[in-house]
Amino acid sequence: MSSVLVPPNSLPSERRRVCMGKWVDVCYPLPSDYPFLIALRNRADVRRWFIDNRVIEVPQAAAWLAARSTRRDDVLLLIRHRKRDLNIGSIGWTQLNETSKTAEFGRLAVDPEVLRKLARDDESRSILAELALDACLAVRDYAFSELGLTALLTCYKTGNVAAAAINKACGMMPSARTEGVEDGMTHLELTRQHWEKIRSNNQ
């Protein structure tokens with residue numbers, strides 16, 4: 001897949017897949033996906049973990065999402081369950097720096113209601129805990145293999161057990177950086193060298 005992420009200037013009529021995991025596709029959202037993404041972002045049990053956890057207004061949020069479909073440095077993507085053809089969450093990155101080849105990895109959220117729906121399917125139940133990780137690993141590998149990044153940075157609110165577990169599974173390590181570090185946040189990073197070692201060990 002091309003590392004050129006900027007879609008055509010007009011909003012696409014079909015979802016463009018950026019990368020794929022074992023069970024999920026990670027795509028640019030269509031305007032018809034915006035209501036799902038906005039409702040997910042505004043859920044109290046989701047937004048409580050965001051730095052800016054205010055409820056966002058629909059018109060402004062839709063315009064914000066549309067703008068992300070034409071940017072490379074600041075992206076929000078849709079996570080879809082491939083077999084069930086369902087929207088299940090969001091993921092993305094910010095602050096992609098073309099000079100340092102780094103980006104902030106995050107914007108992960110999964111819809112608990114969709115997961116509960118999938119849980120009624122015995123075949124899906126065993127992978128519920130792995131769907132978010134599947135998307136994270138797909139985007140992680142895309143960031144290094146296609147975008148050519150030297151490091152992925154991330155942070156989460158200390159106490160977010162789910163975020164801690166997923167970041168650990170992705171290979172994220174405690175960051176030594178001090179610039180921009182906020183109280184109450186855990187800062188992590190994954191370097192290309194460490195990612196290549198993980199990939200080598202998994203082969």
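Reader: What should I know about numbering and confidence before I start?

Author: Residues are numbered from 1 along each chain as its sequence is written. This is a predicted model, where local features need pLDDT of at least 70 and side-chain atom pairs count only at pLDDT 80 or more, while totals for chains, interfaces and linings use all residues; side-chain values use heavy atoms, with hydrogens and water left out.

Reader: How many helices and strands does the chain have?

Author: Helices (H or I, at least four residues) and strands (E, at least two) are DSSP runs, numbered from the N terminus. Here the chain has eight helices and eight strands.

Reader: In what order do the strands form the sheet?

Author: Two strands pair if DSSP finds at least two bridges between them. The eight strands form an open sheet, ordered S1-S2-S3-S4-S5-S6-S8-S7, with mixed pairing. S1 (17–20) and S7 (173–174) are at the edges with a single partner strand each, so one side of each has no neighbour in the sheet.

Reader: Are the faces of S2 covered or open?

Author: In a regular strand the side chains alternate between the two faces of the sheet. Buried means under 20% relative accessible area, exposed over 50%, partly exposed in between (1.4 Å probe, protein chains only). Both faces of S2 are covered. Val24 and Val26 are buried on one side, Asp25 and Cys27 on the other.

Reader: What surrounds aspartate 25?

Author: Aspartate 25 sits in strand S2. Its relative accessible area is 13%, so aspartate 25 is buried. Contact means heavy atoms within 4.5 Å. Leaving out residues up to four places away in sequence, aspartate 25 touches Arg17, Cys19, Met20, Leu78, Ile79, Arg80 and Arg82.

Reader: Which side chain makes a polar contact with aspartate 25?

Author: A polar contact is a pair of N or O atoms within 3.5 Å; within protein, one must be able to donate a hydrogen and the other to accept it, and residues adjacent in sequence count only if both atoms are side-chain atoms. The side chains of aspartate 25 and arginine 82 make one of 2.9 Å.

Reader: How do I read an aromatic pair?

Author: A pair of aromatic rings is described by the distance of the centres and the angle of the planes. Rings of Phe, Tyr and Trp (its six-membered ring) pair if their centres lie within 6.5 Å; planes under 30 degrees apart count as stacked, over 60 as edge-to-face and the rest as tilted. This rule gives one aromatic pair. Phenylalanine 144 and tryptophan 195 have ring centres 5.0 Å apart and planes at 20 degrees, so the pair is stacked.

Reader: Where do phenylalanine 144 and tryptophan 195 lie?

Author: Phenylalanine 144 is in helix H6 (residues 128–145) and tryptophan 195 in helix H8 (residues 192–202), so the pair ties together parts 51 residues apart in sequence. Both residues are buried.

Reader: What share of the chain counts as buried?

Author: Of its 203 residues, 45% count as buried. Among contacts between residues at least 6 apart in sequence, 59% join residues at least 24 apart.
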